[in-house]
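The tour below moves from one selection to the next.

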Amino acid sequence: AAILQKGFEREGLVEIEVTSAGTGAWEGAPASEGTYLVGLEHGLDLSAHRARLLTKKLVEESDLILAMSRPHLARVRELGGGGRAHLIGEYAGMTGDHAEVPDPYGGELEEYRATLRTLEALAPAVIARATGAPPP
């Protein structure tokens with residue numbers, strides 16, 4: 001969410017709100033240590049981040065829902081996401097196994113770095129598609 005929010009703001013699209021929710025999140029938990037540390041390495045301050053569980057109400061209130069993996073996407077669709085729910089990689093134009101972004105939770109710091117690099121690489125195409133701009 002922080003990567004996309006920063007990208008929208010760089011494009012001057014401050015009216016777009018990006019939020020984060022997890023299909024298995026512990027409500028109110030801070031960012032994991034790996035996420036926090038890698039975020040700091042890349043200028044993302046996640047100190048105020050608090051996890052929230054994805055709910056039917058949150059899904060209903062969202063215009064677009066991007067999931068990192070197929071199991072996450074399945075849960076979003078169970079909660080009513082329908083055509084507003086996509087794998088982030090597919091939304092950015094990737095296909096097959098490349099459309100999924102592995103969740104680094106509990107892994108080594110390098111796994112968190114790899115996930116961040118992947119999300120940063122997908123962000124420009126996601127932003128372009130979400131705003132109707134030509135792809136980068």
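Begin at Gly12, which follows α1 and has a positive phi, near 80°; bear in mind throughout that this is a predicted model.

Step back from there into α1 itself and show its side chains: the buried residues of this helix are Ile3, Leu4, Gln5, Gly7 and Phe8, and they pack against β1 and α6.

Next select α6, residues 109–131, a helix of 23 residues that reaches 33 Å from its first C-alpha to its last, close to the 33 Å expected at 1.5 Å a residue. Follow the helix to Ala123, where α6 bends by about 35°, with a proline, Pro124, following within four residues.

How far apart are their axes, and at what angle do the two helices pack? The axes of α1 and α6 lie 9 Å apart, and the angle is about 45°, an angle that falls between the roughly parallel and roughly perpendicular ranges, and α1 and α6 are therefore oblique to each other. Turning the view, you will find that α1 passes α6 in a right-handed crossing. To see the contact in detail, select Ile3, Leu4, Gly7 and Phe8 in α1, which meet a set of α6 residues including Leu116, Leu119, Glu120, Ala123 and Thr131.

Finish just after α6, at Gly132, which takes a positive phi of about 80°.

Methods. Residues are numbered from 1 along each chain as its sequence is written. This is a predicted model: local features need pLDDT of at least 70, side-chain atom pairs count only at pLDDT 80 or more; totals for chains, interfaces and linings use all residues. Side-chain values use heavy atoms; hydrogens and water are left out. The expected span of a helix is 1.5 Å times one less than its number of residues. The bend at a residue is the angle between axes fitted to the seven residues ending there and the seven starting there. Axes are lines fitted to C-alpha atoms, for helices over the stretch in contact, and angles run from 0 to 180 degrees between N-to-C directions. Angles under 35 degrees count as roughly parallel, over 145 as roughly antiparallel, 65 to 115 as roughly perpendicular and the rest as oblique. A crossing is left-handed if the near helix is turned anticlockwise from the far one by less than a right angle, and right-handed if clockwise. Contact means heavy atoms within 4.5 Å. Buried means under 20% relative accessible area, exposed over 50%, partly exposed in between (1.4 Å probe, protein chains only).
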